[in-house]
Amino acid sequence: ILPYLFAAWQRVCSLLKADFSKYIQAIMPTFAALFSLSIQGGTRRKEGSVEEAAQALKTLKTFADELNAVFAPYFEGLVQVLAKAAETADNGVFLGHLAKLLPSLLRCVAALGQKEDTLEAFRRVTALTWNAIENEDDPAVIIHFLETLRLSIEVVAATGARAFLTAEELSQWKQKLLQCIEESDLRRRMNREALESKDDDSIDEDQEDHICVDLA
């Protein structure tokens with residue numbers, strides 16, 4: 001039932017836009033309950049739970065994209081619960097939708113026009129993103145999260161902020177990106193040794209390298 005309910009909420013929110021905000025407070029507990037179950041049992045508990053969790057993330061992205069600043073008050077609570085859910089998640093579909101949601105949540109905070117709050121939100125999003133990258137070995141999922149980093153940088157840059165990473169943070173990002181490239185290269189070489197011809201994974205790895213270079 002939940003996936004159909006989420007789909008309906010997406011459609012109504014897309015139609016009503018800001019007017020949909022009056023219903024958000026009553027709706028959000030549904031997501032909190034669902035993600036709590038995912039944290040307790042992991043997103044691989046059963047196929048239905050994965051579909052529900054993925055649809056929930058898509059719905060939240062619609063809310064964030066349509067409501068912008070109105071949805072900003074939910075940023076803190078969502079990032080907390082999603083960070084925990086990401087730690088227990090072992091499903092690429094769930095993680096892919098999570099990666100797409102994070103920049104939209106950051107845009108909501110940025111829409112309030114408070115640079116310090118936006119920078120703090122940026123640090124929260126990128127910390128969650130790097131943690132997901134470092135604990136993932138699926139190239140497709142890693143690519144989604146690398147794209148999250150790129151989009152997050154664009155969101156902050158659009159606010160007029162310039163020095164939003166310290167020298168230490170820049171150094172850490174550089175080392176992590178180099179590690180991503182090295183691991184991508186290792187996966188490529190392992191695939192070449194294991195397969196007679198390149199498969200789709202090699203294409204993903206090329207894309208991963210390209211995004212890493214862009215970020216660097």
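Helices (H or I, at least four residues) and strands (E, at least two) are DSSP runs, numbered from the N terminus. Thr 148 lies in one of these helices, α7. We will come back to that residue at the end.

This is a predicted model, in which local features need pLDDT of at least 70, side-chain atom pairs count only at pLDDT 80 or more, and totals for chains, interfaces and linings use all residues. Residues are numbered from 1 along each chain as its sequence is written, and side-chain values use heavy atoms, with hydrogens and water left out.

Start with the whole protein. It has nine helices and zero strands. Along the sequence the pattern reads α-α-α-α-α-α-α-α-α. The protein has 216 residues, and 44% of them are buried. Buried means under 20% relative accessible area, exposed means over 50%, and partly exposed lies in between (1.4 Å probe, protein chains only). The protein exposes about 11,500 Å², and carbon and sulfur atoms supply 51% of that area. Accessible areas come from the Shrake-Rupley method with a 1.4 Å probe; for residues, only the protein chains shown count as cover. Now look at contacts, meaning heavy atoms within 4.5 Å. Among contacts between residues at least 6 apart in sequence, 74% join residues at least 24 apart.

Next, go to the start of the chain. Ile 1 sits in the segment before α1 (2-16). Ile 1 is exposed, at 83% relative accessible area.

Val 12, Leu 15, Leu 16 and Tyr 23 form a nonpolar patch, with about 380 Å² of accessible area together. Patches are made of residues with over 30% relative accessible area and no salt bridge; like charges are joined within 9 Å, nonpolar side chains (Val, Leu, Ile, Met, Phe, Trp, Tyr) within 5 Å. The biggest share of the patch comes from α1, which gives three residues. Leu 15 lies in this helix. Leu 15 is exposed, with a relative accessible area of 72%.

Now turn to charged side chains. Side chains of opposite charge can pair when their charged atoms come close. A salt bridge is a side-chain nitrogen of Lys or Arg within 4 Å of a carboxyl oxygen of Asp or Glu. The structure holds seven salt bridges.

One of them joins Lys 61 and Asp 65, at 2.7 Å from N to O. Why are these two about one helical turn apart? They are four residues apart in helix α3 (residues 47-67), so about one helical turn separates them. An α-helix has 3.6 residues a turn, so residues three or four places apart point the same way. Lys 61 is partly exposed at 27%. Asp 65 is partly exposed too, at 33%.

Other salt bridges run between helices. Glu 76 pairs with Arg 124, and their closest N and O atoms are 2.6 Å apart. Glu 76 lies in helix α4 (residues 75-88) and Arg 124 in helix α6 (residues 115-134), so the pair ties together parts that are 48 residues apart in sequence. Glu 76 is partly exposed at 35%, and Arg 124 is partly exposed at 24%. Arg 123 forms a salt bridge with Glu 169, at 3.6 Å from N to O. This pair links distant parts of the chain, with Arg 123 in helix α6 and Glu 169 in helix α8 (residues 167-194), 46 residues apart. Arg 123 is partly exposed, with a relative accessible area of 32%.

Last comes helix α7 (residues 139-158). Its 20 residues reach 29 Å from first C-alpha to last, close to the 28 Å expected at 1.5 Å a residue. That expected span is 1.5 Å times one less than the number of residues. At the N-terminal end, Asp 138 caps the helix: a side-chain oxygen lies 3.0 Å from the backbone nitrogen of Ala 140. Just after α7, Gly 160 takes a positive phi of about 100°.

A polar atom of its side chain lies 2.6 Å from the backbone oxygen of Ala 99. Beyond neighbours within four places in sequence, Thr 148 is in contact with Ala 99, Lys 100, Leu 102, Pro 103, Val 125 and Thr 129.

Technical notes
A polar contact is a pair of N or O atoms within 3.5 Å; within protein, one must be able to donate a hydrogen and the other to accept it, and residues adjacent in sequence count only if both atoms are side-chain atoms.
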